[in-house]
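Welcome! Here is a short tour of one protein model, arranged by topic so that you can follow along in the viewer.

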Amino acid sequence: MAAYIKGFDDNNQRISTQQLLQKIYAALEAGETEFEVLASGHHDIGGPLWTSDGTPLKFTVQNPGQRVGAFGLEGTEIVINGPAPADVGWLNAGATVVLKGDGGDTTAHCAASGKIYVAGRGGTRTGSLMKHDPSYAPPELWILKNTGSFSFEFMGGGIGVVCGVDSEQFESVLGDRGCVGMVGGTIYVRGPVKGLSNDVWLLDLDEGDREFLTTNMPVFLGKIDKSQLLAELTDFSQWKKIVAKTYQERQTVERITLREFRLGKWVEGGIFGDVVSDDYDLVAGFVNTGDGRLKIPHWQNKSYAAPCQASCPTGIPTQDRIRLLREGKTQEALELVLNFSPFPASVCGQVCPNLCMDACSRRHLDHPVAMKELGRLSQDAAAPALQPATGKTVAVIGGGPAGLSAAWQLALRGHSVTLYEGDEEVGGKLRQVIPTDRLPREVLNAEIERIKQIGVDIRTGHQIDRAAFDAIRGENDAVVIATGAHNPVVIPFPGHERLVKGLDFLKEINAGRQPQVGRKVVVIGAGNAGMDVALGAYAMGAQQVTAIDVQRPAAYKKEIDHFEGLGGRIEWPVFTERISEQGLHTKDGRLIEADMVIIAIGERPDLSYVPREWLTERGMMNVDDCWQSKQAPGVFALGDTIKPGLLTHAIGSGREVSEYIDDFLGGRELVAKKQPEMIPQWKLHKESFQARNRGRFKVTDACEEANRCISCGTCRDCSLCLETCPEGAIIRQEKLDGSYEYVADEQYCIGCGLCAGICPCGVWAMEKTIL
C-alpha cells in the first residue's frame, strides 16, 4: 500500500515545499517505495531519490508545482494525474515521467536520459537543450498533441515525438521558430510544420524510423491511457522527421529573393506578424513621391523662437524687426519694438547686459548682431496706434521700469491707466541708480515722455499706505503692484551700523549730491549692483576699491573688466566677521583696510501697504502663474515685488502682466504663457553667410545688420529651397493679406531633404513616415 503524503497540516493549511519533501524522505527512510502525493504547487517532487537495494520507486502526484520529476533517476516512475507547470522532467537522468495532462513551459528541459510521456500539450521551449551521453540510453520525450514556440531549441541529442493529435487549428505543431540551434537528436512529428530553423532538415521516415515508432507507440499510448489512438498514430504517411544539419551543411548560405522574404518572412509567419499588416499591394520604389516617401518636408516658419528672442526676458523678436528693415519698412521695424518695450533706447541700447547677443547665432561666425545700436534706432520713434478705448481703469503703483512698462502696454490696449509714484520723478532705478554716463538723461526722458503722450496719467509724490491702497483698489477695475525693491539687505554682523547701503549711495550720486567717500573703500557684493557701487566710489574720488563676495562674482564680464581697468580688486570667497573703524575683518583673521564699507547684496520690496496674508514667507507678493494675487482677484504684481531680476525682466513682466490684465478685464480665462522653444543650432545652416573679419568689425549703420542676421527660425524668403529642389516640387504661395508660405507638392516631392539641408534659417523640417 502506497504511503500517503499530503501538502497540508492538520489544520488543512498548506505546508512549505521543504516540509513536504521532508515527509517523503522520512517515508523513504522507513522503507516506503510507493508514494501518493497530494500537493498544492509544491516543487521538485520525485527526484533525485533512490533505494539502497535498488528497489524501484513510484510516485503518483496531484497538483504539483514546478520541476516535478527534476533530476529523476533510473528506477523512478512519476505519474502526474492532471497538468503540471514549468520544467516537468527538468534534467531528467533516467526516470519515467508520465504526465496525464498538459505540460508547462520547458517540459523536458535539459533531459539527459529516461522517458517523459505527455498526454496533452507542451509549453514554450519544450524539449530545449535535450542531450545524449552515449554511455546511457538517449532521453525520450513523447507528446500527444503539440508544443509551444521555440520547441527543441538548442537540442543536442535524444528523441522527441510530437503526435499532433487534436492540433488541426495550429499552423505548426511545433509552434514558431522550432529547432533553433539544434545540433543533434531526432524529432518525429505528425501534422503541419512551419517556421523551422534553417539549422535542420525536414525528412521523410525511413524503415528504421517506422520500426522505432511501431515498437514504442503502444508503450506511450498505454502509459497515458490512449491506446485507442494506436491505429491513427501508426499511419506513417502523416509523419516526418527532423534532424540537425551537419557542421558542413550549416556553412552553406542560402539566400532567398526579396519577394520570397516579403511574402514568407516579413509579416505573415514572421516576427512582426502580430503588430504589422501588409496588403501586399504597394511596392515602393527606391525613389518615391506622395505616400511612398520615407520623409516629408514641412515649412515650419516661426515654429521655433530665435535664440535672441528666447533669451530676451522682454521677448523682443529681433528677427522680425530685422526682416522689416530688410524689406525697407523702417518705421514698422521701430514700432515693432515698442510693442514689446517702451525703453528700446534706454535699456536695450544703453544699460541692458544684452542676453540676446550672448545667444545670437551670428557669434558662431564673427560677432553677434548689434542689438544696442538697433535699440537706439527707436529712441525717437512714435508710439504705435492705440486700440479703441475699453472704458476700463487700471492703477499702477510704482513708476520704475516694471510699472512704466505695464502702464505703457495697458494704455496701448485701450485701457485708462493712472500711475502712482512716491518720488518726484518716475524712472525708478533707471533714474535713481544707473550713472548718467551709462544712461544719458535725455534718452531716458525722451522715452518717458513718449509714455506720457499716449495718455498715461502719471502722478508723482504719492506715498502709498494701506488706506491709500484700499482707496485706489476701490476706484479701479484692476491694480498693478510694481513698487520694486528699495530696502537694502544688511547682514547684522558686529559693526553693521557702520555700513553704507549701496542703493542709497547710488541714489545720492545720481541725485547730484556728491556723497563723500573714503580713500579706501570695500564693497560687500560683487554682482552687477556691487560693480555699480564700486564704479560709483571711484567716480566720487576713492583711490582704492576692493569688492568681496562669498562666491564667484555674478557681475557680467564687461562690468568686471571696467572695474579692474580702474585698478579695482575682486576677492572671493571672503566671509565677513565684523566691521570696525580699521575696515573689514574676515573670518580667516585678515583685515581689509577701509575708510568706508558699502554693502550691495540685494534689496527687498516694501509691501507694508498690502495685507500681510498677501505675502510669501520671504515678504514677496504671493501670486499665481498669471501673476495675480492668490488672495485678491484683480490685483497683479510683477518685477522685484515677486522675485529679483534684471531691468529687462521688469520690462518683460510689464508686457506679460498687461496681457493677463487685458484677459481679466475682458472676462476671459487667464492662462499662463508658455516660453517659446529656442531653435536648435543644428537646424541652422550658416554656410550661406560670409563671416566678417572679427578684429576689424565695426558697426557704422545699425540698419545694415539686416544683412548679417541669420533670421533663425523665420523664413528670409531667400528662395534657396525653391531653386535647389531637384524635382521643382517647392512652390511659393502668396496669400491675400500679403504674407506667403512655401509648400512641397507631394506629386513631385521625393522627400530627398535638400530643402531642409540648405535652408539657412532652419525653417524646413523632415518628418519620418511609416509605410
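A salt bridge is a side-chain nitrogen of Lys or Arg within 4 Å of a carboxyl oxygen of Asp or Glu. By that rule, a search of the whole structure finds 41 salt bridges. Please keep in mind that this is a predicted model.

**A salt bridge to look up**
- Aspartate 225 and lysine 100 form a salt bridge through their side chains, with 3.0 Å from N to O.
- This pair links distant parts of the chain, 125 residues apart: aspartate 225 sits in the loop between α2 and α3 (230-233), and lysine 100 sits in the loop between β5 and β6.

**The sheet of eleven strands**
- Eleven strands make an open sheet with mixed pairing, in the order β1-β2-β3-β4-β5-β6-β7-β8-β9-β11-β10.
- β1 (3-6) and β10 (200-203) stand at the edges with a single partner strand each, so one side of each has no neighbour in the sheet.
- From one strand to the next, the twist averages 15 degrees.

- Another open sheet has five strands with parallel pairing, in the order β18-β25-β19-β20-β21.
- Here β18 (500-501) and β21 (569-571) are the edge strands; each has a single partner strand, so one side of each is left without a neighbour in the sheet.
- β18 and β25 (residues 596-599) run parallel and are joined by two bridges. Lysine 501 has isoleucine 599 in β25 as its bridge partner.
- Helix α18 (residues 557-565) lies across β20 (544-548) and β21, at about 120 degrees to β21.

**Two helices packed together**
- Helices α9 (residues 344-351) and α14 (residues 441-453) pack at an angle of about 145 degrees, and their axes are 8 Å apart.
- From α9, the contact uses Pro344, Ala345, Ser346 and Gln350, while α14 brings Val443, Leu444, Glu447 and Arg450.
- Sorted by class, this contact has four nonpolar, two polar and two charged residues.

**Cavities**
- Among the residues that line the largest cavity are Cys312, Cys348, Cys352, Cys356, Arg321 and Thr648.
- α7 (318-326) and α10 (355-359) each supply at least two residues of this lining.
- The lining of the largest cavity divides into eight nonpolar residues, three polar and one charged.

- As background, most residues other than glycine have a negative phi, and most peptide bonds are trans.
- Glycine 47 and proline 48 are joined by a cis peptide bond, with omega near -10 degrees; proline 48 is in the loop between β2 and β3.
- The bond between tryptophan 572 and proline 573 is cis too, with omega about -10 degrees, and proline 573 lies in the loop between β21 and β22 (576-580).
- Threonine 106, in the loop between β5 and β6, has a positive phi, near 55 degrees.

Definitions and conventions. Residues are numbered from 1 along each chain as its sequence is written. This is a predicted model: local features need pLDDT of at least 70, side-chain atom pairs count only at pLDDT 80 or more; totals for chains, interfaces and linings use all residues. Side-chain values use heavy atoms; hydrogens and water are left out. Two strands pair if DSSP finds at least two bridges between them. Helices (H or I, at least four residues) and strands (E, at least two) are DSSP runs, numbered from the N terminus. Axes are lines fitted to C-alpha atoms, for helices over the stretch in contact, and angles run from 0 to 180 degrees between N-to-C directions. On a 1 Å grid over the protein atoms alone, a cavity is a set of points where a 1.4 Å probe fits but cannot get out, and a pocket is an open set with protein on both sides within 12 Å along at least five of seven lines; lining residues have an atom within 4 Å of a point. Ala, Val, Leu, Ile, Met, Phe, Trp, Tyr, Cys and Pro count as nonpolar, Asp, Glu, Lys and Arg as charged, and the others, Gly among them, as polar. Contact means heavy atoms within 4.5 Å.
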